[in-house]
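The sequence and the structure are shown below.

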Amino acid sequence: MPRIDLENPDKDVVLEMYRKWRDNKVPKSVLEREYLGDDRAHGKTFTFLVRRVLGFDTEEPSSLASQVKDLEEEVTRLR
């Protein structure tokens, strides 16, 4: 399995990681351990790489984040 260079990530390898996560629901932290050799993995590096290299977001906004955004928009509208 290819290792990823964080300074210059290979798009094909990041895409392979993404597809494993998307299709097989392999946990992000497991993919980080396999591809990055990071024993302290928690999935944030995966999220960063996929967003940076592929332009895909792999995290759902929390309901609280959605509520905050709605309230900010309402405040802006009321000004």
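The model is predicted. In it, the side chain of aspartate 10 reaches the backbone nitrogen of aspartate 12 at a distance of 2.7 Å. Aspartate 10 lies in the segment before helix H1, which spans residues 11-24.

The relative accessibility of aspartate 10 is 40%; because this value falls between the limits of 20% and 50%, the residue counts as partly exposed.

## Proline 9

Proline 9 is likewise placed in the segment before H1. Its relative accessible area is 13%, and because buried means under 20%, proline 9 is classed as buried.

When residues up to four places away in sequence are not counted, proline 9 touches Ile4, Val14, Leu49, Arg52 and Val53. The C-alpha atom of proline 9 is separated by 14 Å from that of glycine 37, a residue 28 positions away along the chain.

## Packing of H1 with H3

Two packed helices are described by the angle between their axes together with the distance between those axes. For H1 and H3, the angle is about 125 degrees and the axes are 10 Å apart.

On the H1 side, the contact is made by Lys11, Val14, Leu15, Met17, Tyr18 and Trp21; on the H3 side, Phe46, Leu49, Val50, Val53 and Leu54 take part. By class, the residues of this contact between H1 and H3 comprise 10 nonpolar, no polar and one charged. Val14, Leu49 and Val53, which belong to this contact, are also among the residues that proline 9 touches.

## Packing of H2 with H3

Helix H2 (residues 28-36) packs against helix H3 (residues 44-54) at an angle of about 80 degrees, and their axes are 8 Å apart. Since angles of 65 to 115 degrees count as roughly perpendicular, this description applies to H2 and H3.

H2 contributes Lys28, Leu31, Glu32 and Leu36 to the contact, while H3 contributes Lys44, Thr45, Phe46, Thr47 and Leu49. The contact of H2 with H3 contains four nonpolar, two polar and three charged residues. Phe46 and Leu49 of H3 take part here and also in the contact with H1.

Methods. Residues numbered from 1 in each chain as written. Predicted model: local features only at pLDDT ≥ 70, side-chain atom pairs only at ≥ 80, totals over all residues. Heavy atoms only, no water. Helix = DSSP H or I, 4+ residues; strand = E, 2+ residues; numbered from the N terminus. Buried < 20%, exposed > 50% of the residue type's maximum accessible area, 1.4 Å probe, protein only. Polar contact = N/O pair within 3.5 Å; in protein donor to acceptor, adjacent residues only side chain to side chain. Axes fitted to C-alpha atoms, helices over the stretch in contact; angles between N-to-C directions. Parallel < 35°, antiparallel > 145°, perpendicular 65-115°, else oblique. Contact = heavy atoms within 4.5 Å. Nonpolar A, V, L, I, M, F, W, Y, C, P; charged D, E, K, R; others polar.
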